[in-house]
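Please look at the sequence and the structure before reading on.

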Amino acid sequence: MTIAENLAIIQQRIKQAQQQYPNTATKIQLIAVSKTRSANDIETAYQAGQTHFAESYVQEAIPKIQTLAHLPLTWHFIGPIQSNKTQAIAQYFNWVHSVARLKIARRLSQQRLAKQTPLNICIQVNISQEAQKSGIFPQDLPQLVKRIQTLPQLKLQGLMGIASPCNEFSQQQQQFHQLNQLQQQYDFMNELSMGMSNDLEAAISKGATLLRIGSAIFGKRQ
Ligand SMILES: *Cc1c(COP(=O)(O)O)cnc(C)c1O
(Lines give C-alpha, C1' and ligand atoms only; values in the text may rest on other atoms or scores of the structure.)
Protein backbone atom coordinates (compact mmCIF):
# COMPACT_ATOMS: atom_id res chain seq x y z
CA MET A 1 0.00 0.00 0.00
CA THR A 2 1.23 3.47 -0.82
CA ILE A 3 0.91 6.48 1.49
CA ALA A 4 -1.70 7.96 -0.87
CA GLU A 5 -3.74 4.75 -0.79
CA ASN A 6 -3.56 4.58 3.00
CA LEU A 7 -4.71 8.20 3.27
CA ALA A 8 -7.69 7.46 1.04
CA ILE A 9 -8.62 4.44 3.19
CA ILE A 10 -8.43 6.52 6.38
CA GLN A 11 -10.61 9.27 4.86
CA GLN A 12 -13.11 6.56 3.95
CA ARG A 13 -13.05 5.14 7.51
CA ILE A 14 -13.65 8.64 8.89
CA LYS A 15 -16.61 9.27 6.57
CA GLN A 16 -18.10 5.88 7.35
CA ALA A 17 -17.83 6.41 11.12
CA GLN A 18 -19.41 9.86 10.79
CA GLN A 19 -22.38 8.25 9.04
CA GLN A 20 -22.61 5.32 11.44
CA TYR A 21 -22.64 7.12 14.81
CA PRO A 22 -24.88 9.92 16.10
CA ASN A 23 -23.41 13.18 17.39
CA THR A 24 -20.07 12.96 15.65
CA ALA A 25 -18.18 16.17 14.88
CA THR A 26 -19.06 17.65 11.49
CA LYS A 27 -15.48 18.72 10.89
CA ILE A 28 -12.78 16.19 11.69
CA GLN A 29 -9.13 17.07 11.03
CA LEU A 30 -6.85 14.18 10.13
CA ILE A 31 -3.34 14.71 11.50
CA ALA A 32 -0.63 12.45 10.06
CA VAL A 33 1.78 11.40 12.83
CA SER A 34 5.14 11.50 11.06
CA LYS A 35 7.52 10.65 13.93
CA THR A 36 10.36 8.40 12.68
CA ARG A 37 9.36 9.14 9.05
CA SER A 38 11.53 11.01 6.57
CA ALA A 39 10.85 14.46 5.12
CA ASN A 40 10.39 12.60 1.84
CA ASP A 41 7.50 10.53 3.23
CA ILE A 42 5.91 13.71 4.57
CA GLU A 43 6.19 15.38 1.18
CA THR A 44 4.60 12.30 -0.43
CA ALA A 45 1.65 12.60 1.96
CA TYR A 46 1.43 16.33 1.22
CA GLN A 47 1.22 15.61 -2.49
CA ALA A 48 -1.71 13.32 -1.70
CA GLY A 49 -3.48 16.25 -0.01
CA GLN A 50 -2.37 15.91 3.64
CA THR A 51 -1.32 19.22 5.28
CA HIS A 52 -1.44 18.56 9.07
CA PHE A 53 1.45 16.59 10.58
CA ALA A 54 2.42 15.67 14.15
CA GLU A 55 5.78 14.95 15.75
CA SER A 56 6.76 13.59 19.19
CA TYR A 57 10.48 14.34 19.43
CA VAL A 58 11.80 17.89 19.10
CA GLN A 59 15.28 17.00 17.88
CA GLU A 60 13.90 14.81 15.14
CA ALA A 61 11.16 17.26 14.17
CA ILE A 62 13.02 20.57 13.72
CA PRO A 63 15.22 19.50 10.77
CA LYS A 64 12.16 18.07 8.99
CA ILE A 65 10.13 21.25 9.62
CA GLN A 66 13.02 23.32 8.25
CA THR A 67 13.47 21.09 5.20
CA LEU A 68 9.75 21.38 4.40
CA ALA A 69 9.38 25.08 5.23
CA HIS A 70 8.48 25.86 1.60
CA LEU A 71 5.24 23.81 1.95
CA PRO A 72 2.08 25.19 3.64
CA LEU A 73 2.07 22.61 6.46
CA THR A 74 0.55 22.80 9.94
CA TRP A 75 2.72 21.19 12.64
CA HIS A 76 1.40 19.62 15.85
CA PHE A 77 3.60 18.61 18.79
CA ILE A 78 2.23 15.52 20.60
CA GLY A 79 5.16 14.16 22.65
CA PRO A 80 6.31 14.55 26.24
CA ILE A 81 7.64 18.08 26.87
CA GLN A 82 10.89 18.79 28.72
CA SER A 83 11.52 22.35 29.95
CA ASN A 84 14.63 22.77 27.83
CA LYS A 85 12.65 22.03 24.65
CA THR A 86 9.83 24.55 25.11
CA GLN A 87 11.52 27.32 23.13
CA ALA A 88 11.87 25.22 19.98
CA ILE A 89 8.32 23.90 20.37
CA ALA A 90 6.91 27.41 20.89
CA GLN A 91 8.56 28.74 17.77
CA TYR A 92 8.34 25.88 15.29
CA PHE A 93 4.91 24.38 15.96
CA ASN A 94 1.34 25.62 15.40
CA TRP A 95 -0.28 23.31 17.94
CA VAL A 96 0.81 21.54 21.14
CA HIS A 97 -1.44 18.69 22.32
CA SER A 98 0.59 17.43 25.26
CA VAL A 99 0.48 20.26 27.81
CA ALA A 100 -0.14 18.90 31.30
CA ARG A 101 1.81 21.22 33.62
CA LEU A 102 1.52 24.94 34.34
CA LYS A 103 5.29 25.42 34.28
CA ILE A 104 5.46 24.15 30.70
CA ALA A 105 2.47 26.25 29.65
CA ARG A 106 4.08 29.40 31.09
CA ARG A 107 7.32 28.78 29.25
CA LEU A 108 5.51 28.13 25.96
CA SER A 109 3.62 31.41 26.32
CA GLN A 110 6.76 33.37 27.23
CA GLN A 111 8.78 31.87 24.39
CA ARG A 112 6.17 32.21 21.65
CA LEU A 113 7.37 35.19 19.63
CA ALA A 114 5.27 38.37 19.75
CA LYS A 115 5.06 38.43 15.94
CA GLN A 116 3.55 34.92 15.93
CA THR A 117 -0.15 34.16 16.50
CA PRO A 118 -0.89 32.56 19.90
CA LEU A 119 0.11 28.90 20.11
CA ASN A 120 -2.86 26.51 19.93
CA ILE A 121 -2.99 24.28 23.01
CA CYS A 122 -4.70 21.09 24.06
CA ILE A 123 -4.35 19.89 27.63
CA GLN A 124 -3.44 16.21 27.83
CA VAL A 125 -5.64 14.32 30.29
CA ASN A 126 -4.83 10.89 31.67
CA ILE A 127 -7.91 8.89 30.65
CA SER A 128 -6.39 5.44 30.86
CA GLN A 129 -6.23 5.22 34.68
CA GLU A 130 -2.64 4.05 34.34
CA ALA A 131 -0.45 5.95 36.80
CA GLN A 132 2.64 5.87 34.58
CA LYS A 133 0.82 7.40 31.59
CA SER A 134 1.27 11.11 31.02
CA GLY A 135 -1.45 13.70 31.26
CA ILE A 136 -3.12 15.57 34.07
CA PHE A 137 -5.67 13.72 36.22
CA PRO A 138 -9.27 14.87 35.67
CA GLN A 139 -9.61 16.29 39.18
CA ASP A 140 -6.68 18.66 38.55
CA LEU A 141 -7.99 19.92 35.21
CA PRO A 142 -10.15 22.92 36.29
CA GLN A 143 -7.24 24.60 38.03
CA LEU A 144 -4.90 24.20 35.04
CA VAL A 145 -7.57 25.42 32.61
CA LYS A 146 -8.08 28.58 34.65
CA ARG A 147 -4.36 29.33 34.77
CA ILE A 148 -3.67 28.62 31.10
CA GLN A 149 -6.49 30.94 30.06
CA THR A 150 -4.55 33.86 31.51
CA LEU A 151 -1.43 33.21 29.41
CA PRO A 152 -1.36 35.73 26.54
CA GLN A 153 0.49 33.78 23.86
CA LEU A 154 -1.53 30.56 24.24
CA LYS A 155 -4.96 29.77 22.85
CA LEU A 156 -6.59 26.92 24.74
CA GLN A 157 -8.46 24.89 22.12
CA GLY A 158 -9.34 21.60 23.76
CA LEU A 159 -8.33 18.36 25.42
CA MET A 160 -6.17 15.46 24.29
CA GLY A 161 -6.22 11.85 25.46
CA ILE A 162 -4.52 8.56 24.66
CA ALA A 163 -6.61 5.45 25.33
CA SER A 164 -4.87 2.45 26.82
CA PRO A 165 -3.95 -0.01 24.07
CA CYS A 166 -6.86 -2.45 23.84
CA ASN A 167 -8.93 -3.89 21.03
CA GLU A 168 -12.21 -3.85 22.94
CA PHE A 169 -14.38 -1.22 21.23
CA SER A 170 -16.57 -0.47 24.26
CA GLN A 171 -13.48 -0.02 26.47
CA GLN A 172 -12.03 2.44 23.95
CA GLN A 173 -15.34 4.30 23.85
CA GLN A 174 -15.51 4.47 27.63
CA GLN A 175 -12.17 6.28 27.82
CA PHE A 176 -13.04 8.70 25.00
CA HIS A 177 -16.44 9.33 26.57
CA GLN A 178 -14.70 10.51 29.72
CA LEU A 179 -12.65 13.07 27.74
CA ASN A 180 -15.79 14.20 25.89
CA GLN A 181 -17.59 14.80 29.20
CA LEU A 182 -14.68 16.82 30.57
CA GLN A 183 -14.50 18.96 27.42
CA GLN A 184 -18.24 19.67 27.52
CA GLN A 185 -17.75 21.54 30.77
CA TYR A 186 -15.90 24.30 28.91
CA ASP A 187 -17.93 25.96 26.17
CA PHE A 188 -14.89 27.86 24.82
CA MET A 189 -13.14 24.57 23.99
CA ASN A 190 -14.02 23.11 20.61
CA GLU A 191 -11.38 20.47 20.07
CA LEU A 192 -11.07 16.85 21.16
CA SER A 193 -7.73 15.34 20.14
CA MET A 194 -8.29 11.60 20.38
CA GLY A 195 -8.14 8.54 18.17
CA MET A 196 -5.13 6.72 16.73
CA SER A 197 -4.78 4.01 14.06
CA ASN A 198 -6.24 1.34 16.32
CA ASP A 199 -9.15 3.24 17.87
CA LEU A 200 -10.21 6.01 15.50
CA GLU A 201 -13.79 4.76 15.06
CA ALA A 202 -14.37 4.70 18.83
CA ALA A 203 -12.91 8.21 19.09
CA ILE A 204 -15.11 9.55 16.29
CA SER A 205 -18.16 7.98 17.93
CA LYS A 206 -17.37 10.10 21.01
CA GLY A 207 -16.89 13.38 19.19
CA ALA A 208 -13.20 13.48 18.18
CA THR A 209 -12.26 16.56 16.12
CA LEU A 210 -8.50 15.94 15.77
CA LEU A 211 -7.33 12.42 14.84
CA ARG A 212 -3.65 11.53 15.31
CA ILE A 213 -2.93 8.72 12.87
CA GLY A 214 0.56 7.29 12.25
CA SER A 215 1.02 3.65 11.28
CA ALA A 216 -2.23 3.36 9.30
CA ILE A 217 -0.83 6.05 6.97
CA PHE A 218 2.92 5.42 6.88
CA GLY A 219 3.09 1.72 7.81
CA LYS A 220 4.40 0.08 10.98
CA ARG A 221 7.17 1.94 12.82
CA GLN A 222 10.49 0.13 13.47
C1 LIG B 1 2.66 7.76 17.83
C2 LIG B 1 1.47 8.48 18.32
C3 LIG B 1 0.25 8.45 17.61
C4 LIG B 1 0.03 7.63 16.35
O5 LIG B 1 -0.09 6.28 16.68
P6 LIG B 1 -0.49 5.18 15.57
O7 LIG B 1 -0.90 4.01 16.38
O8 LIG B 1 0.74 4.93 14.76
O9 LIG B 1 -1.59 5.74 14.75
C10 LIG B 1 -0.79 9.22 18.10
N11 LIG B 1 -0.68 9.95 19.23
C12 LIG B 1 0.46 9.99 19.94
C13 LIG B 1 0.53 10.82 21.18
C14 LIG B 1 1.57 9.26 19.52
O15 LIG B 1 2.69 9.29 20.25
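## Pockets and ligand

Helix H1 gives the most, with 5 residues. By class, the lining of the second largest pocket has 7 nonpolar and 6 polar residues, and no charged ones. The model described here is a predicted one.

Rolling a probe the size of a water molecule over the atoms shows where empty space is left.

| Pocket | Volume |
|---|---|
| Largest pocket | about 620 Å³ |
| Second largest pocket | about 150 Å³ |

The largest pocket is lined by 27 residues. Nearest its centre lie Lys35, Ile162, Met196, Arg212 and Arg221. The lining of the largest pocket divides into 11 nonpolar, 11 polar and 5 charged residues.

Which pocket does the ligand sit in? The ligand sits in the largest pocket. Around the ligand are Val33, Lys35, Ser56, Ile78, Ile162, Met196, Ser197, Arg212, Ile213, Gly214, Ser215 and Arg221. This shell consists of 5 nonpolar, 4 polar and 3 charged residues.

An N or O atom in the side chain of Lys35 is 2.6 Å from an oxygen atom of the ligand. Backbone atoms also take part: a polar backbone atom of Gly214 is 2.8 Å from an oxygen atom of the ligand, and a backbone N or O atom of Ser215 lies 2.8 Å from an oxygen atom of the ligand. How much of the ligand's area does the protein bury? Taken alone, the ligand exposes 390 Å², and the protein buries 88% of that.

Definitions and conventions:
Residues are numbered from 1 along each chain as its sequence is written. This is a predicted model: local features need pLDDT of at least 70, side-chain atom pairs count only at pLDDT 80 or more; totals for chains, interfaces and linings use all residues. Side-chain values use heavy atoms; hydrogens and water are left out. A residue is near a molecule or strand if one of its heavy atoms lies within 4 Å of it. A polar contact is a pair of N or O atoms within 3.5 Å; within protein, one must be able to donate a hydrogen and the other to accept it, and residues adjacent in sequence count only if both atoms are side-chain atoms. Accessible areas come from the Shrake-Rupley method with a 1.4 Å probe; for residues, only the protein chains shown count as cover. On a 1 Å grid over the protein atoms alone, a cavity is a set of points where a 1.4 Å probe fits but cannot get out, and a pocket is an open set with protein on both sides within 12 Å along at least five of seven lines; lining residues have an atom within 4 Å of a point. A molecule sits in a cavity or pocket if more than half of its atoms lie within 2 Å of its grid points. Ala, Val, Leu, Ile, Met, Phe, Trp, Tyr, Cys and Pro count as nonpolar, Asp, Glu, Lys and Arg as charged, and the others, Gly among them, as polar. Grid points are joined across faces, edges and corners, and a volume is the space filled by probe spheres set on the points. Helices (H or I, at least four residues) and strands (E, at least two) are DSSP runs, numbered from the N terminus.
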